[in-house]
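Please look at the sequence and the structure shown here. The report that follows starts from one contact and then moves on to other parts of the model.

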Amino acid sequence: MEPAAASPSASADGGAFLEFVDYAISVLTSSSGGDGDESPPGAGPAPARPPWGWTVAQVLKSCRAYSSGVTAAILLSDLFQSWTEQRKYLTAKKKVEVTSLLNTRSKRRRLPSTITIDSIHEKNFLSPKSVLEAIVIDVFALPGTNIYMLTLGDMWSTSTIDLYLHRRYYSYIGQHCILKKGREVVLTGCCLRTAVEGYGRARILPTEYMVILLDEDQDEDAMLLAAQFCTYSFSSMKQEEGGNDVVYSFYARIEKIESLEPFRCTERKQIVLVDSDGEKINFILWGEQISLANLFSVGSMLALDSPFVASSEESQELCLEYGSATQVYLVPIAQQEEKVLHTPTQVRSQGPRLSCVPIDNMASQVTLPRDLHGSVDFSKYPFRSYVSDLHGKMVGVSLFGTVTSVCKVSASGATFYLEIEDVTGVALTKLNFIGHWSLGRVGVGHMVYISGLTCTLNKTNILEVSWREKETGSLFVNLSFLPALLNSTCLHTLSLLSDLPHSANRTHICRVRLDHIDCNSLKLPLFHNLCGHVVNEQPDGLYCSFCEVACQNGCTHGFQLHLTIADDSEKVFAWCLGQTAVEFLQISPDEYMELPEDDQAMYLFTLQNESFTVAIANTSKRVDKYAENDKALPAWEITRAQKCE
């Protein structure tokens with residue numbers, strides 16, 4: 001099974017990789033039937049054509065899982081399984097009674113990491129990181145005990161599942177009667193008690209990370225919010241300075257959800273809350289509590305009962321924490337949508353179409369969700385986005401292209417600028433990291449995929465593109481360093497060295513022999529482990545000019561190698577670093593240094609005419625200063641190499 005002919009733009013900058021993505025999308029679209037199913041209320045858009053960015057991310061996920069290489073059959077199998085899970089709720093023949101319970105509710109966006117109850121039963125597995133968006137079907141106590149159970153259903157499944165209720169929620173059943181039939185809940189941090197030897201059925205063990213959803217349009221919920229959460233504001237709490245001697249309840253909008261730097265090896269997340277007076281305060285989650293953030297969405301209203309009042313570790317300002325007595329309610333924001341027209345570039349680059357789908361029937365627009373600030377979410381956009389398509393008020397954007405420059409914004413902080421180029425233009429992207437650079441070595445000419453981009457217009461109406469590490473939907477993959485690419489014939493087409501100058505804006509895969517190498521072309525500098533760049537020795541110690549930090553620790557000796565490679569068509573002078581150089585030399589830096597000088601020269605001579613499969617990128621546009629004697633580096637960098645057996 002081979003990909004059909006791909007669009008010219010895919011072939012121009014992404015080669016066989018993007019051709020396969022287009023082909024896979026056409027196969028999945030065919031398997032979906034293109035029947036125009038409508039998504040149920042609250043599910044968000046679920047087109048028959050899979051999102052382009054989702055497909056790329058799934059292919060890259062499989063490539064990482066099978067680093068020795070993948071076949072078209074493996075990739076299509078993984079894609080089909082994942083896509084079936086995505087669409088399963090559309091094809092269910094029978095729904096549990098939750099549909100009638102929700103028919104008057106506002107449409108809201110499905111949370112990331114949400115799984116269905118049907119999938120739990122099918123896989124007999126439930127990850128603690130997964131999210132369940134469920135509706136209470138029944139509340140009951142186990143006979144002869146005071147253990148409460150909830151029977152849960154969801155709008156995408158035909159089955160239900162029972163949950164052992166955590167005791168911190170028992171008061172919701174008796175005194176307040178909030179947890180009852182028809183109540184929506186979201187929960188995470190769950191573990192599954194599987195059926196034993198065919199006896200009984202799977203049940204979910206208690207979790208303390210459950211949030212009850214309220215609806216301001218329902219009288220009893222509106223009364224609860226008015227009676228319990230309108231007494232205190234953030235400013236009144238700060239003025240009283242009552243600390244935890246006063247039981248506070250707050251009602252505020254979620255303005256931002258962000259990760260914080262770990263504190264003494266403990267992970268943290270911060271939810272920025274804004275009350276009706278415009279006063280802000282941070283709600284901090286620690287350790288396992290950070291999974292709660294997966295249940296929240298920006299713009300929703302959070303009702304906090306009995307939060308723990310603390311002082312921020314950084315600023316000593318008052319903040320709120322999730323204490324043992326804290327109860328959380330959520331009023332989800334209703335999802336707004338916008339129709340987006342396909343651009344001419346996207347229409348031309350749709351890739352192979354099914355012969356059974358007339359061109360006239362292809363949709364000219366797609367409906368996408370909007371966030372609180374009116375930005376359109378492109379994470380489920382069915383076509384590739386190009387640099388020329390970027391404009392203000394876009395979030396969840398994916399780009400595929402070649403790096404033309406990368407540098408740090410300033411000596412302090414952890415923000416970098418990265419320029420990414422595709423066939424339509426160049427986008428300057430601001431990369432924001434929580435602590436330090438974490439993407440490994442990224443250099444000019446490398447072919448990358450980045451998702452989770454946000455596009456805004458600044459005060460002077462200039463487009464700004466930004467990316468935040470570890471945010472939902474954020475992904476960065478350097479395909480030039482992807483090990484599976486060398487051995488996956490469905491994702492590359494072998495190039496001749498003579499072809500390189502004619503298509504210099506992507507990473508090529510070539511079969512070559514080592515033509516020349518000598519001791520003068522080999523150096524052993526120190527490399528910074530975080531970024532992979534050469535470390536400079538200065539009077540006051542070691543300094544990484546890429547990260548712009550002193551790095552006395554976290555450095556390793558490695559090879560910096562210049563070499564000549566050849567095939568039947570051409571010879572090319574190239575360079576490589578680190579592990580790629582080790583693949584060529586077939587010896588570690590320490591082992592090489594132990595050899596006498598004469599033996600080093602003899603050893604290098606014996607390597608000539610060895611055959612390799614290599615990934616090679618054009619770095620001629622390089623203007624950085626992060627490699628030793630950078631101006632002397634050849635135009636072509638070998639990013640991956642593997643000896644041919």
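## A histidine and its surroundings

The side chain of His 508 reaches the backbone oxygen of Ser 503 at 2.4 Å. With the side chain of Ser 495, the side chain of His 508 makes a polar contact at 3.0 Å. A polar contact is a pair of N or O atoms within 3.5 Å; within protein, one must be able to donate a hydrogen and the other to accept it, and residues adjacent in sequence count only if both atoms are side-chain atoms. This is a predicted model, in which local features need pLDDT of at least 70 and side-chain atom pairs count only at pLDDT 80 or more, while totals for chains, interfaces and linings use all residues. Residues are numbered from 1 along each chain as its sequence is written, and side-chain values use heavy atoms, with hydrogens and water left out.

His 508 lies in strand S25, residues 508-516. Helices (H or I, at least four residues) and strands (E, at least two) are DSSP runs, numbered from the N terminus. Because its relative accessibility is 1%, His 508 counts as buried. Buried means under 20% relative accessible area, exposed over 50%, and partly exposed in between (1.4 Å probe, protein chains only). Leaving aside neighbours within four places in sequence, His 508 is in contact (heavy atoms within 4.5 Å) with residues including Leu 500, Val 614, Ala 615 and Ile 616. Val 614 is 106 residues from His 508 in sequence, yet their C-alpha atoms are 8.0 Å apart.

## A strand covered on both faces

Strand S4 covers residues 161-164, and both of its faces are covered. Ile 161 and Leu 163 are buried on one side, and Asp 162 and Tyr 164 are buried on the other. Two strands pair if DSSP finds at least two bridges between them. Strand S3 (residues 148-153) runs antiparallel to S4 and is joined to it by 4 bridges; here Leu 152 stands opposite Ile 161. Strand S7 (residues 203-204) runs parallel to S4, with 2 bridges between them, and Arg 203 in S7 stands opposite Asp 162.

## Nonpolar cores

A nonpolar core is a set of buried Ala, Val, Leu, Ile, Met, Phe, Trp, Tyr and Cys residues joined through side-chain atoms within 4.5 Å. The largest one has 64 residues, and Leu 152 and Leu 179 are among those with the most contacts inside it. Strand S9 (residues 249-263) gives the largest share of this core, 5 residues. Another core, of 39 residues, lies apart from it and includes Leu 418 and Phe 476.

S29 (residues 541-544) is joined to S30 by 2 bridges, and Tyr 543 has Ala 550 as its bridge partner in S30.

## The whole chain and its confidence

The protein chain has 12 helices and 35 strands. Of its 645 residues, 52% count as buried.

The average pLDDT (the predictor's confidence in each residue, from 0 to 100) is 84, and 85% of the residues score at least 70. Over residues 35-46 the pLDDT is below 50, although this stretch has 33 contacts in the model beyond near neighbours in sequence. Where pLDDT is low, the predicted coordinates should not be read in detail.
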